[in-house]
Amino acid sequence: MKDSALRGTALLGNLFRRTAEGEGDDRELRPVERLVQWLRWLAVGSWIWLIQGIPRGANPEIVYGVYGATLVYAGLCDVLVRRSAAIGAISVLTTLGDTFAVAAMCLVTGGIHSPMFPVFFLTVLATAIRFGMAEAFLIASLDALLATLVHWAVGGARFFDLTENVFYLYFVALLGGLLSGEARRQHGRAVKDRERASLLLFLNRQIIASLDPSELLSRILKETLRVVPGRGACVILRRVGDARVDRVIAAGDIAPPRLEDADALLGCDAVTEAERVGHLVLDDAREIERRLPAEWIISLEPAHLAIVVIRADSPLGVLILVGENGATRLSEEDLRLLGAVAAETAAAIQKARLGADLVDAQARSRELLHRMIDAEEAERRRIAGELHDRMGKRFFEFYYDVRLLQGMSVDRDPVAAEILARIIDSARDCAGEIRTLMNDLRPSVLDDFGFLEALKEFVTGIAARGDLGVTLSIDENAPSAGPQADLMLFRVLQEAVFNARKHAAAKQVEVAFGATQDRKLRLVVRDDGCGFDHDARHPGHYGLLYMKERAEACGGEFAVRSIPRQGTEVEVTVPFAR
């Protein structure tokens, strides 16, 4: 009996040290301990009624004294459970305290026939719920020891009654341990399933977020290691249309392999087999070293690892999970999860590569647009120069000759003189049209004085024609946005006014230009024309697209607002010149 008591004391000490060191999960233990505390108050409160049925030989003063001490103990437990940070140690102390409190009450209220004795069974069950089967049997043994001591001290009961009660103590320990163990396993599976679902949801969110591929793969690996047990994980990607390595990403307690080792891994027979069947698990260290002959693998000395293929239409790479040394092999659920991770990773890689291709295509498109704009402006400048050089001299000679003829024929032939006067007026108008055309092709004032002066001259030209009323509102202090932006603003202005005159049949145009508070220049052209449905398709009309592309090519923003029969507003903004 003495040896059994010493062994039980040692086990209790181990239990106390293990729990006090925090091996239990305080977040899960605290709610359970609060529930046990509520049941403790319920049990102790009911004893005031059970005391009324104690044997006549019991001393009421002693009974109520012990009961009062039990109430004090329950209150102390309540305070500790609510306020103490070391909930694991408190759980052990209250487990032991409950046992001794019940033994004390049984000692003064009739021994093993006391109405408080069934509470022994509750202490065993509470221990099974809080800790597990081993601890429940330990407390059952302590209860059995105390019940035996109470039986010897009080007497009046058969030994068979004691044996029967001890049997039920161990039976409750077994039943509670089995049920609590199964509950823990179910809870563990639920937590694992929740973590797996969380991992897949995380992967979907990361794919949608379109992160940098390396950063995306690193996050995927870190999140995978949080759910699947392993020392580390590594992703080795192939180049598109090539067997060589594109990039290597590692996470966990391992370093990424060098490119030479990664190339060797992609070409080994283990990866080839994994690509054929989908995944490969190796549990023998010698087989791993033989089938994956790379210095990186040898330096890790893995006891087991898993190779999962990242595949789309063709293999994109592999995911290698290095297991913990001494840990059990991966379960089928873990392998299925790794397969799902590999599938999501493949989708992420494809999206990242498509995004990179799209960015490259957009960059090439912008470069082509810049070249087309430069070529167009160069051609405009050339044609304007040709008109000036060729037509200017000839018009001057023609105009001079006609004026000379007019002077010679004024007195001789008045009719001829009148005809020559009309020819002179037509020549003057034609020269004006040619100057306007040259300005439209490439206004010299834009190159010499900037957009603000070119805007004023352009609006003056519109007003001079008389077919379109124009209102101008400008900020004279607006800074320049640079030569390219000035040219873009002028071309947008030209196109917007052209559309208002030709397509919208407008009678009035408002032009506003100035600076905004966020350091941008803003040009607005508003007309009172027929407007249009912005959502409808207009095949063959590319003016809006032309303005939008030119604005965006200079880093600006373009917007158009129009309502049928209510006019159109074109707005373009561009940042200040740096």
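Is Phe167 buried or exposed? At 51% relative accessibility, Phe167 counts as exposed, because the cut-off for that class is over 50%. Please keep in mind as you read on that this is a predicted model.

**Aromatic pairs**

Phe167 is a friendly place to start, as it has a ring partner. Phe167 and Phe171 make a stacked aromatic pair, with 6.2 Å from centre to centre and 25° between the planes. Both residues belong to helix H7, which covers residues 159–209, and they sit four residues apart, about one turn of the helix. Phe171 has 42% relative accessibility, so it counts as partly exposed, the class between under 20% and over 50%.

How many aromatic pairs does the structure hold? There are seven. One of them joins Phe117 and Phe121, and here the arrangement is edge-to-face: the centres are 6.1 Å apart and the planes make an angle of 80°. Phe117 and Phe121 are both buried. Ring pairs also bring in Phe120, linking Phe117, Phe120 and Phe121 into a cluster.

Now to the helices. The table sets out two packed pairs.

| Helices | Angle between axes | Axis distance |
|---|---|---|
| H4 (residues 87–108) and H6 (residues 133–154) | roughly 20° | within 10 Å |
| H16 (residues 451–465) and H17 (residues 483–502) | about 20° | 10 Å |

With its axis at roughly 20° to that of H6, H4 is roughly parallel to H6, because angles under 35 degrees fall in that class. H4 passes H6 in a right-handed crossing. On the H4 side, the contact is made by Thr95, Leu96, Thr99, Phe100, Ala103, Cys106 and Leu107. The H6 side contributes Ile139, Leu142, Asp143, Leu146, Val150, Ala153 and Val154. Sorted by class, the residues in the contact of H4 with H6 are eleven nonpolar, two polar and one charged.

What about H16 and H17? Their axes pack at an angle of about 20°, and that makes H16 roughly parallel to H17. The crossing of H16 and H17 is right-handed. From H16, the residues that meet H17 are Phe451, Ala454, Leu455, Phe458, Ile462 and Arg465. Their counterparts in H17 are Asp486, Leu489, Phe490, Leu493, Gln494, Val497 and Arg501. By class, the contact of H16 with H17 has nine nonpolar, one polar and three charged residues.

Which residues does Asp98 touch, leaving aside its neighbours within four places in sequence? They are Arg40, Tyr73, Thr123 and Arg130. Asp98 is found in helix H4. Its relative accessible area is 12%, so Asp98 counts as buried, the class for values under 20%. Thr70 lies 28 residues away from Asp98 along the chain, and the C-alpha atoms of Asp98 and Thr70 are separated by 9.2 Å.

The other aspartate, Asp161, takes us back to helix H7. Asp161 has a relative accessible area of 12% and is therefore buried. With neighbours within four places in sequence left aside, Asp161 is in contact with Ile112 and His113.

Methods:
Residues are numbered from 1 along each chain as its sequence is written. This is a predicted model: local features need pLDDT of at least 70, side-chain atom pairs count only at pLDDT 80 or more; totals for chains, interfaces and linings use all residues. Side-chain values use heavy atoms; hydrogens and water are left out. Rings of Phe, Tyr and Trp (its six-membered ring) pair if their centres lie within 6.5 Å; planes under 30 degrees apart count as stacked, over 60 as edge-to-face and the rest as tilted. Buried means under 20% relative accessible area, exposed over 50%, partly exposed in between (1.4 Å probe, protein chains only). Helices (H or I, at least four residues) and strands (E, at least two) are DSSP runs, numbered from the N terminus. Contact means heavy atoms within 4.5 Å. Axes are lines fitted to C-alpha atoms, for helices over the stretch in contact, and angles run from 0 to 180 degrees between N-to-C directions. Angles under 35 degrees count as roughly parallel, over 145 as roughly antiparallel, 65 to 115 as roughly perpendicular and the rest as oblique. A crossing is left-handed if the near helix is turned anticlockwise from the far one by less than a right angle, and right-handed if clockwise. Ala, Val, Leu, Ile, Met, Phe, Trp, Tyr, Cys and Pro count as nonpolar, Asp, Glu, Lys and Arg as charged, and the others, Gly among them, as polar.
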